[in-house]
Amino acid sequence: MLTYVSWHGRPTFYRIYKNKSTESFQSVPYVVALFSAMLWIYYALLKSDECLLITINSAGCVIETLYIALYLTYAPKKAKVRPWPPPGVVTDHVHISTHLQLH
């Protein structure tokens, strides 16, 4: 499922590549999707026999990493300064996700 969702950004990134500009697009959704895929891989590693979950989310990580690299290639300098969500948001998301998974 995540791989399908990851491929949904193709038209956006084709447009970025074609125009050689990120225009008004934001990188945050793709960074969050990358973190989400990484969290799913972490969860799968905690469980046993979750090869499919690891495979699918590994593909999602590769796709999202390519999207972010393409975004940073064509982003203006101002957008490159801070393309990531604030550290508190990521830390809170990881803490809440881990807490919910353990209970």
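This is a predicted model: local features need pLDDT of at least 70, side-chain atom pairs count only at pLDDT 80 or more; totals for chains, interfaces and linings use all residues.
Biologist: With cysteines on the table, how many disulfides does a search of the whole structure find?
Modeller: A pair of cysteine sulfur atoms has to lie within 2.5 Å to count. Searching the whole structure for such pairs gives a disulfide count of zero.

Biologist: Zooming out, how many helices and strands does the chain have?
Modeller: Reading from the N terminus, the elements go α-α-α-α-α-α. In numbers, that's six helices and zero strands.

Biologist: What share of the chain's residues count as buried?
Modeller: The chain has 103 residues. The share of them that counts as buried is 27%.

Biologist: Among contacts between residues at least 6 apart in sequence, what share join residues at least 24 apart?
Modeller: Contact here means heavy atoms within 4.5 Å. Counting contacts between residues at least 6 apart in sequence, the share that joins residues at least 24 apart is 68%.

Biologist: Now α2: within what arc do its buried residues fall?
Modeller: Helix α2 covers residues 10–19, and its buried residues are T12, F13 and I16. Looking down the axis of α2, those residues line one face of the helix, because they fall within an arc of 90 degrees.

Biologist: Which exposed residues sit on the face of α2 turned away from the buried side?
Modeller: The buried residues of α2 have a cover that includes α3 (28–46) and α4 (51–74). On the face turned away from that buried side, the exposed residues are R10, P11, Y14 and K18.

Biologist: How do α3 and α4 run, roughly parallel or roughly antiparallel?
Modeller: Two packed helices are described by the angle and the distance between their axes. The axes of α3 and α4 come within 9 Å and cross at roughly 155 degrees. An angle over 145 counts as roughly antiparallel, so α3 against α4 is roughly antiparallel.

Biologist: How far apart in space are I56 and A37, C-alpha to C-alpha?
Modeller: I56 sits in helix α4 and counts as partly exposed at 27% relative accessibility. I56 and A37 are 19 residues apart in sequence. C-alpha to C-alpha, the gap in space is 8.8 Å.

Biologist: What phi does K20 take?
Modeller: Most residues other than glycine have a negative phi. K20 isn't a glycine, yet its phi is positive, at about 55 degrees.

Biologist: And which loop holds D49?
Modeller: D49 isn't a glycine either, and has a positive phi of about 60 degrees. With a relative accessible area of 81%, D49 is exposed. The place of D49 is the loop between α3 and α4.

Methods. Residues are numbered from 1 along each chain as its sequence is written. Side-chain values use heavy atoms; hydrogens and water are left out. Buried means under 20% relative accessible area, exposed over 50%, partly exposed in between (1.4 Å probe, protein chains only). Helices (H or I, at least four residues) and strands (E, at least two) are DSSP runs, numbered from the N terminus. The arc is that of the directions from the helix axis to the C-beta atoms. Axes are lines fitted to C-alpha atoms, for helices over the stretch in contact, and angles run from 0 to 180 degrees between N-to-C directions. Angles under 35 degrees count as roughly parallel, over 145 as roughly antiparallel, 65 to 115 as roughly perpendicular and the rest as oblique.
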